[in-house]
Amino acid sequence: MNSNEDKTHIVDRITGHRRMRRIRKTDWQRRMVRENQLSVDDLIWPVFVVPGTNISEPIPAMPGVERMSVDRLVEAARMAADLGIPALATFPNIEMEKRDQTGSEILNPDNLINQATRAVKKAVPEIGMITDVALDPFTSHGHDGILRDGIIVNDETVEHVVKAAIAQAEAGSDIIAPSEMMDGRIGAIRQGLDAHGFQDVGIMSYATKFSSGYYGPYREAISTGGLLKGDKATYYVDPANGTEALRDAALDVEEGADMLMVKPGLPYLDICWRLKEAFSLPVFAYQVSGEYSMLKVAAERGLIDGDRVMMETLLAFKRAGCDGILTYFAVDAAKKLAKA
Ligand code: PBG
């Protein structure tokens, strides 16, 4: 008996015959125990729109991403729908002369975003359109709200945002996604939409939007980088705060949000998980411009396998409890999933 014991390998003596590698040893075995899967249904594609026709212009800070005129966007929407991507999220890069202190162009029923929504909904009705109501693409100072005496004023901004949401719904937007982080906006938008007969238009709240350095390339994409003075710390969540983020999300849930979003994504996976545990609502992560460009540039320099890291990153969001991801990789990932 003693001699038998002697033959037991030291590893077995430590693990007591529990070996994790049994479930990892072959591809079929790994597939059998795989807990999470990324599907094309998880992907929302954020796109940048510019005035004009037949324009597709590269954004140097976001290699592989282009700003598109509405006609090109319609073609891109067709392609995305054919790949099975459920929805687009549109962001406009409008003429500087149309930007002012209060972002008044957002109220124009025929502004670039509303034109884009109408055109895509007409040509590709099966793809969802998600539109933002933050003022930053429309203001001369790049802030998300109305700036008075150095302060982004909350209540006046919310009034603007509600009107913008109604105009966007009239243009055919399926989901309003307010990203400007004003207090009370979700309830106000819900009331405004309902009062105008848009009970079926959903609200995806940028519930926990952090005051982040990862938005840099986006600001080049919509040309707000040079305009913005100071930062957005007086209205976005402090990156140090998880409990505060949860409280902010709870208010949005109470006010009628249909879906919650966490932004940026990868540095805030803990928040994704906490929101999913706390609320029975769909949770989305926005893998933002800086996250995208870091991976893209590292891949271009041959430092990482771009496709592999892209898929691994997107899967991480699923593991963290997300129901979907807004990602500039949507088309690349959808193509890869289609091939797999
Ligand atoms: C602002 C807004 C931001 C993004 C989308 N809308 C952040 C900002 O500019 O402060 C960032 C998206 C990205 O980085 O991909 N309402």
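Guide: The expected span of a helix is 1.5 Å times one less than its number of residues. Helices (H or I, at least four residues) and strands (E, at least two) are DSSP runs, numbered from the N terminus. The model is predicted: local features need pLDDT of at least 70, side-chain atom pairs count only at pLDDT 80 or more, and totals for chains, interfaces and linings use all residues. Residues are numbered from 1 along each chain as its sequence is written, and side-chain values use heavy atoms, with hydrogens and water left out.

Visitor: How far apart are the end C-alpha atoms of helix H6?

Guide: Helix H6 covers residues 154-170, which makes 17 residues. At 1.5 Å a residue, H6 should span 24 Å. The computed distance agrees with this, since the end C-alpha atoms of H6 are apart by 24 Å.

Visitor: Which residue takes a positive phi just after H6?

Guide: The phi in question is about 115°. The residue that takes this positive phi just after H6 is Gly172.

Visitor: Is Ile23 buried, partly exposed or exposed?

Guide: Buried means under 20% relative accessible area, exposed over 50%, and partly exposed in between (1.4 Å probe, protein chains only). Ile23 lies in the loop between helix H2 (10-15) and helix H3 (27-33). Its relative accessible area is 37%, so Ile23 is partly exposed.

Visitor: How are the rings of Tyr206 and Tyr286 arranged: stacked, edge-to-face or tilted?

Guide: Rings of Phe, Tyr and Trp (its six-membered ring) pair if their centres lie within 6.5 Å; planes under 30 degrees apart count as stacked, over 60 as edge-to-face and the rest as tilted. The structure holds twelve aromatic pairs. In the pair of Tyr206 and Tyr286, the centres are 6.3 Å apart and the planes stand at 45°, so the pair is tilted.

Visitor: In which strands do Tyr206 and Tyr286 lie?

Guide: The pair links distant parts of the chain, 80 residues apart. Both tyrosines are buried. Tyr206 lies in strand S9 (residues 202-209) and Tyr286 in strand S11 (residues 283-287).

Visitor: What kind of pair do Tyr292 and Tyr328 form?

Guide: Tyr292 is buried, with a relative accessible area of 2%, and Tyr328 also counts as buried, at 6% relative accessibility. Their ring centres are 5.8 Å apart and their planes are at 65°, so the pair is edge-to-face.
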